[in-house]
Amino acid sequence: MADLRQFEALRAVHAEGSVTAAARRLGWGQPTVDYHLKNLERLVGSPVLVRSPRGSRLTPVGMLLLERAQEILTLSERAIGDAREFSQLGRVRLRFGTFATAAASILPFVAARVGDLGIEIDTTFEEVPALVDGINRGAFDAALVYTVPGYELPFRPNVETMEVYRDPLMLALPVGHPLASRTSIDLAAVLSLRDERWVFATSADDAMDRIVADAFAAYGHVLDVAIRTDDFQVLLGMTAARMVVGIIPSLATTAAHPGIVLRPIQDPSFVRSILVATAAEDGSRRPSSAVRHLVAAVRDGFAARAGGAAAER
């Protein structure tokens, strides 16, 4: 079986150009480097170095091994680093920003999961523009945000995002509406609502509203936005009163609402991509161990919720 020290020796020789320089780099004796490289060659059954008075270079077999060795050594170093960091965590407090509908769905699950690992979360509820600003300013360690296909959020270059859930968008219609009898809605049906009054979010730049407005604008239509609100219960209430129609994410439809019909939109653009955003530490482009545990808990929370919803159906 290969020894990690064999891969370390191979990597060092490639970087330094000679066995002697590789030994200095590693802090080993030259015979030790030679020993590990010769053992690697015996294991492979082929030379991994071409040696000359001017130095050493890797053979094609050595280069193939180096490519795999880099991956193995990186994973090994990361595993040790994660274990060391986790053992030193103690009680860690993370500043976590999220939008309300996601928090209502998964926050208890996430808090319990990371709490078992010694991680406490201080949660702030904001709309997406404020969450993006908070991450960019370093006010949050992590934030749960959303966007839709084709619409990028204005994060700074050091911010990393990871998709944790895809949330289908639903068309909210009053009972008795001509489209309410359909089991699903395609884009042509949505576009037939050009003369309806609509309800949009408070922010003029909300991604879910932009995808609706842009779909109509592509056909030369400008929607009549009757009201702006970030309260989905207001949206549903006004829809039930036959005052408006609107788009609502499936996460916000946890309870039945009298007078409302919700229909899935059969178009890949009408989906909300939910992301965890975090600023990478020390230019490493990699979040801390505590943040990675938080991301895993968020992803598991959404998976558990989706499984529970499927079971109910």
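1. Buried means under 20% relative accessible area, exposed over 50%, and partly exposed in between. These classes are applied below to the charged pairs of this predicted model, which holds 12 salt bridges.

2. One of these salt bridges joins the side chains of R113 and D300, at 2.8 Å from N to O. R113 belongs to helix α5 (residues 100–115) and D300 to helix α10 (residues 289–312), so the contact ties together parts that lie 187 residues apart in sequence. R113 has 35% relative accessibility and therefore counts as partly exposed. D300, at 33%, is likewise partly exposed.

3. A salt bridge is also formed between the side chains of D167 and R272, with an N to O distance of 2.8 Å. This pair, too, links distant parts of the chain: D167 is in strand β6 (residues 159–174) and R272 in strand β11 (residues 271–279), 105 residues apart. D167 counts as buried because its relative accessibility is 0%. R272 is buried as well, with a relative accessible area of 1%.

4. The side chains of D3 and R5 meet in a further salt bridge, at 2.7 Å from N to O. With 23% relative accessibility, D3 is classed as partly exposed; the value for R5 is 42%, so R5 is also partly exposed.

5. Beyond these pairs, the model contains a network of salt bridges that links R93, E120 and D122.

Note on methods:
Residues numbered from 1 in each chain as written. Predicted model: local features only at pLDDT ≥ 70, side-chain atom pairs only at ≥ 80, totals over all residues. Heavy atoms only, no water. Salt bridge = Lys/Arg side-chain N within 4 Å of Asp/Glu carboxyl O. Buried < 20%, exposed > 50% of the residue type's maximum accessible area, 1.4 Å probe, protein only. Helix = DSSP H or I, 4+ residues; strand = E, 2+ residues; numbered from the N terminus.
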